[in-house]
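Here are a few notes to read alongside the model. Keep the viewer open and follow the points in order.

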Amino acid sequence: MALDITGRKLFAKALIEEGVDIVFGYPGGMVTDIMDELYKHEEIELVLPRHEQGLIHEAEGYAKATGKVGVCIVTSGPGATNIMTGLADAHSDSIPLVCITGQVPLNLIGNDAFQEVDIVGMTRSITKYGVTVRDRKDLGRTLKMAFHIARTGRPGPVLVDLPKDIQTQPGPAEYPKTVNIRGYKPNESVHIGQLKKGYKLLKSAKKPLFLIGGGVNIAKANEKLQELVEKTKIPVVTTIMGKGAIPTTHPYYVGNSGMHGRYAANMAVSECDVLFSIGTRFNDRITGDLNEFAPKAQIVHVDVDTASISRNVVVDVPIVADAGLAIEKMLEWAEPQKTDKWLTQIREWDKENPLEMRRDHGMTPQMIMEHINEQFDEGIIVTDVGQHQMWATQYIELNEKKKFITSGGLGTMGFGFPAAIGAKIGCPDKEVICISGDGGMQMNIQELATAMVQDAHVIVCVFNNYYLGMVRQMQQLFYGKRYEATCLRRRKNCPRDCKGPNPSCPPYEPDFVKLAESYGATGMRVTKEEEIAPAFEKAKKVSGPVIIEFMIATEEIVLPMVKSGNPMSEMILK
Amino acid sequence: MKKRWIALYVENEVGVLAKVSGLFSGKSYNLQSLTVGTTEDETISRMTICVSSDDVTFEQIKKQLNCMVEVIKVIDLSNVPIHMKEILFAKVKDCSSEDKAEVFQIAQVFHVEVSDIGKDSVLLECKATERRNNELIALLKSRFHHIEVVRGGAVAIESISTSCAGKTEYDRK
């Protein structure tokens with residue numbers, strides 16, 4: 001029997017056994033002990049952000065970029081509540097996190113003590129699992145469970161609430177090698193019968209289509225998928241989270257489907273006769289009007305999460321399986337199908353309404369995206385949320401060497417920049433490009449300091465249109481240009497009935513170039529197309545974070561667009 | 001919309017009841033009743049849950065419950081032979097002697113135990129199906145002005161013998 005050790009010592013031991021070398025931590029009264037323990041461990045690097053929301057998005061970016069579990073340590077009360085947005089984000093997008101929140105000592109719980117909140121109660125619906133450690137002897141098993149649950153099955157965030165006295169109390173020194181949880185048995189096999197049924201249906205189709213979601217990227221089944229597509233000659237559309245599952249330049253890749261999807265992709269979904277979907281939950285942004293979704297198709301649905309199947313769309317063949325295992329199995333049976341006519345039809349749709357922006361009114365987002373495609377052969381593209389995100393999902397080219405990280409499910413503004421820092425910390429040898437808007441960038445701008453002290457060379461492209469563009473686009477199209485609460489230049493003395501930019505508009509705040517410089521970072525402003533390439537050339541050469549502010553046309557909109565709740569075949573194209 | 005029953009084995013831990021009930025409120029599922037108690041294994045609790053929902057939602061409820069780490073097993077009791085009972089106390093107050101006589105009569109017919117009595121009130125204790133209890137309450141309400149009712153929510157267990165095979169809660173009294 002090993003001698004008893006303190007909870008904090010066991011905590012450090014757990015991190016080491018789990019192979020954690022980087023943690024994202026912000027100190028506070030209820031985590032001082034475990035922080036002090038980490039001080040003694042050179043092998044674990046602690047990243048100090050400037051806000052807990054930034055912290056958890058950094059951990060998400062790190063987890064997405066590396067495939068490892070992101071570890072967060074925050075204090076009780078406000079420290080804990082500040083990570084809630086990130087927990088919900090990670091829950092939506094299946095990102096493995098283990099978040100340790102400090103808690104007041106056991107005897108104070110329930111007293112409304114200083115910095116006490118019931119964080120486990122508050123986060124029950126946005127974590128995969130959450131628990132307060134109430135007995136020191138449970139600590140080892142609980143931490144083991146946390147890592148196991150976070151990374152297996154459909155990954156997700158796990159919260160472990162650690163009262164201060166548990167951290168200092170002596171107890172068993174053992175950290176279990178394995179854990180058996182009777183209520184948690186993630187699916188690790190494929191139901192061959194169902195899969196055969198699904199494949200048979202696919203084989204009988206005249207207009208078959210693969211709809212690929214984020215599950216394929218999480219399962220790292222990209223190469224196998226490409227092989228399956230090439231063998232069967234079946235075209236592919238992706239969701240936003242599925243983008244990059246096969247190279248975007250692949251001849252069988254049609255594009256993203258959904259609210260701002262490519263015309264040909266949405267038409268293909270609307271016209272296909274068998275829709276074979278893998279790793280997507282048929283979110284409303286993909287389906288639009290549920291009654292009109294893929295109206296001519298029989299649907300096969302592969303997902304590792306039982307609860308995602310037949311939830312939004314009732315499917316004909318449900319298959320509970322890991323995407324990778326299912327694709328691997330299908331490769332054994334795959335045969336070429338006669339899809340020439342169908343592919344020609346899809347290409348015709350694409351010719352009819354290609355993805356293209358007008359080029360006659362200055363620097364467009366498309367031009368910037370094309371430069372990013374040219375300038376970077378490999379790397380990680382991280383986006384924030386808004387118009388720039390949709391343009392990125394439309395125009396950014398991805399291949400085996402390029403990864404795409406975005407907040408798809410929750411749509412969290414303020415995600416992009418810290419996630420990019422986390423990605424860079426996890427993959428220091430890769431070029432990390434953050435595409436953000438001027439609105440979202442300001443939601444976690446304080447992380448510039450984190451990027452500086454971490455010497456994180458992140459190239460941040462701020463698409464500045466002076467607006468919260470995504471909502472303004474809705475106002476432009478559906479609310480008679482009443483730009484309530486979306487103009488970031490608006491001041492108290494502006495006329496109430498302002499219908500858009502005019503010569504008397506006040507200046508924009510902040511000056512992103514000066515702001516970057518005030519942190520010691522590099523700032524640049526690009527106003528016309530000729531300046532784009534030189535800006536990227538310069539950005540690649542400097543160290544530390546770089547902000548390039550792109551002054552894009554103020555009233556540019558994201559097209560095509562399907563109005564929320566409308567059928568996917570009803571796209572606004574002009 | 002149909003009434004359906006689930007037996008749920010869960011970890012006997014702090015917060016599990018909140019998590020299960022939170023699922024119903026958070027996802028707008030229609031929870032009719034929920035009872036919970038420990039089983040022969042004190043680390044495990046068993047819940048009997050009654051929901052009213054359509055087929056698709058009910059499937060989703062079962063899947064969502066299955067997703068929870070703390071949920072050990074979900075058993076759908078909707079279409080299997082079961083024994084189901086609910087405990088009910090009904091206090092009939094402001095009784096005259098005639099009223100008391102009537103209460104005793106009702107008790108006899110309903111096979112209800114008279115478990116306490118005072119100067120002007122009678123306490124009935126009834127262990128019956130939910131439907132039978134509903135009927136008893138309706139009758140008492142129609143006959144007396146002042147009654148006080150507390151009921152425990154139904155608990156259910158699968159049948160052993162074949163004598164009630166094919167019978168579910170819906171067609172059994």
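1. Start with helix 17 of chain A, residues 387-395, which is mostly covered: 9 of its 9 residues are buried. Bear in mind as you look that this is a predicted model.

2. Who are those buried residues? In helix 17 of chain A they are Gln387(A), His388(A), Gln389(A), Met390(A), Trp391(A), Ala392(A), Thr393(A), Gln394(A) and Tyr395(A).

3. What covers the buried residues of helix 17 of chain A? Among the helices of chain A there, you'll find helix 16 (365-375) and helix 21 (469-478). Strands of chain A take part too, including strand 11 (253-256), strand 15 (379-383), strand 17 (432-437) and strand 18 (458-464).

4. Now move to strand 13 of chain A, residues 298-303. This strand is also mostly covered, with 5 of its 6 residues buried.

5. Strand 13 of chain A has strand 12 (residues 274-278) of chain A as a parallel partner, and 5 bridges join the two. To spot one of these pairings, look for Ile278(A), whose bridge partner is Val302(A).

6. Strand 13 of chain A also runs parallel to strand 14 (residues 317-320) of chain A, joined to it by 4 bridges. Here Asp303(A) has Val320(A), in strand 14 of chain A, as its bridge partner.

7. Last, the chain contact: how many residues of chain A are in contact with chain B? There are 15, and they meet 18 residues of chain B. On the chain A side, the residues touching chain B split into 7 nonpolar, 5 polar and 3 charged.

Notes
Residues numbered from 1 in each chain as written. Chains lettered and ligands numbered in written order. Predicted model: local features only at pLDDT ≥ 70, side-chain atom pairs only at ≥ 80, totals over all residues. Buried ≥ 20, exposed ≤ 12 C-beta atoms within 10 Å, placed from the backbone. Contact = placed C-beta atoms within 7 Å. Nonpolar A, V, L, I, M, F, W, Y, C, P; charged D, E, K, R; others polar. Pairing = 2+ DSSP bridges.
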